[in-house]
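Opening my notebook on this one. I'll jot down what I looked up, entry by entry.

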Amino acid sequence: MNNRVALVSAAATSLLVVGGWAAVSTASAAAAGCSATYAVVSQWQGGFQGGVSFTNLGDPVTTWKLEFDFPAAGQTVSQGWNATWSQSGSHVTASNAAWNGAVATGGSVALGFIGTITGSNPPPTSFSVNGIRCTGTTTPPSTPPSTPPSTPPSTPPSTPPSTPPAGGPAPALHVSGNKLVTAAGATYRLLGVNRSSGEFACVQGKGMWDGAPADQAGIDAMKTWNVHAVRIPLNEDCWLGLSGSPSGPQYQQEVKKFADALVANGITPILDLHWTHGLYTGNISACADVNATCQKPMPSMQYTPQFWTGVATMFKGNNAVVFDLFNEPYPDASNNWSDMTAAWKCLRDGGTCTGITYEVAGMQDLLDAVRATGATNVVMTAGLTWTNDLSQWLTYKPTDPTGNLMASWHTYNFNACVTTSCWDTQIGAVAAQVPVQAGEIGQDTCAHDYIDQVMAWADAHGVGYTAWTWNPWGICGSSGNVLIEDWNGTPTKTYGEGFKAHLLTVQP
């Protein structure tokens, strides 16, 4: 996030139990058919969180209604998201929201809800969408489905944990086609949060991590949200020892300590260069300071390749760590959007760029600095307009000899590309060829309606996302895009609550 905003701102014939997570699934139906999956995400005394998703296997639909019956008495939906939820007796209905009624052939929709229970909590055993039961037949049933049996499975699911199950270390990652994959070839998405402060605290007299250590307690709080990726904004001056405190080796070791701890806890660190050196007083200048105390339109050749040489040298051989070359470029704004071709060339090639007085380091320069160290880590490179514009990313992407390159995209409700049609044509075109990571998602309100749309689209298109931001900067709305009320991970109402609820329904 640029600093101007940051600072003001699915049933089934069988039950599957994996690692304590209970889920049931159906085979697919035919022409006007569906498949569905259901999971108990977490459970506590008297309540639980459920997740259900379906895939449309028939012709495209413009509206949908998902229905199922709870098998046991006392199972009740109290609130839900991504649909209009209702319940009569044991029968539950979820109808599309205004923004997610259209589902293409092969398209999926993920829903979630909070429920109450007075006894056992067996999963539903049958689902239907628009009156068609998800049965696994190649033609739709000749008669509508009968009411699902009220008898629970012979072996009830074990009570799932209140937090996601612990796992091993974060996997080493590489790019294969348009997917991010593990060494075993399994597709992997980066889903989690930003942990801001490494970009500014060192130059604002606030210490290393904004007054809160990046320790095991903090990581454990993230894990209760099912966080599997943490994007860490960094400061060039602090890393290189040019200004600020802590600075130089002390700053570097703090970053390494945090990144190593995240990897050990199964969380992928994304190291992002956020604030850089270079005097910029042009169009939409954030500050008139040569030091890295604000967001600049582009990094400089003076110091930024040196920064990435240092970072890559430290983390090469550890491909569980991802590099995000530069947070939010805006060379298009620096030339007042007068020449977009020149702006895209500036982004890739650097050099002399209109409106920027210092020699610019392009993404190719920075990628070359990383690869010159022998590091083969996955690298993210941005688009224009504070990383919201990927329209020419494929044309102007840097050349990577390792092939481990993915696109970085940021999206907030106040950006230009904020509709599914824009995402389909612009972001989807990139995602069809290379992995795309939404390094920052958010909205400048306390609601979560916009990020719900973003996450539904991203889930359907294999795009990862990390929300802004895991920092307790006051009640949601007073500082914008705040996920937590305290370092214990108490979610803000309702932005943090909405994001946490969704994150608990998805896996990398």
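Predicted model: local features only at pLDDT ≥ 70, side-chain atom pairs only at ≥ 80, totals over all residues.

I started with helix α4 (residues 249-264), which lies across β15 and β16 and runs at about 175° to β15. My helices (H or I, at least four residues) and strands (E, at least two) are DSSP runs, numbered from the N terminus. Angles run from 0 to 180 degrees between N-to-C directions, with axes as lines fitted to C-alpha atoms, for helices over the stretch in contact.

Residues are numbered from 1 along each chain as its sequence is written, and side-chain values use heavy atoms, with hydrogens and water left out.

**The barrel**

β15 (residues 229-235) and β16 (residues 268-275) run parallel and are joined by seven bridges; two strands pair if DSSP finds at least two bridges between them. Asn 235 stands opposite Trp 275 in β16. Both strands belong to a barrel that eight strands close, in the order β14-β15-β16-β17-β18-β19-β20-β21, with parallel pairing. Neighbouring strands of this sheet are turned by 30° against each other on average, direction ignored.

**Cores**

Which residues touch the most other members of the largest nonpolar core? I found Leu 271, Trp 308, Phe 323, Ile 441, Tyr 465 and Phe 499, out of 89 residues. A core here is a set of buried Ala, Val, Leu, Ile, Met, Phe, Trp, Tyr and Cys residues joined through side-chain atoms within 4.5 Å. Buried means under 20% relative accessible area, exposed over 50%, partly exposed in between (1.4 Å probe, protein chains only). A second, separate core of 24 residues includes Val 77, Trp 85, Val 103 and Phe 113.

**Helix α12**

I then checked α12 (residues 495-503), and seven of its nine residues are buried. Phe 499 is one of them, as is Tyr 495. Their cover includes β4 (47-56), β6 (76-81), β14 (191-194), β20 (436-442), α11 and β21 (464-467).

**α10 and α11**

α10 (residues 420-431) and α11 (residues 449-461) pack at about 40°, axes 11 Å apart. The pair is therefore oblique, the class left over once under 35 degrees is roughly parallel, over 145 roughly antiparallel and 65 to 115 roughly perpendicular. Trp 423 and Ile 427 of α10 and Val 454 and Trp 457 of α11 are among the residues making the contact (heavy atoms within 4.5 Å).
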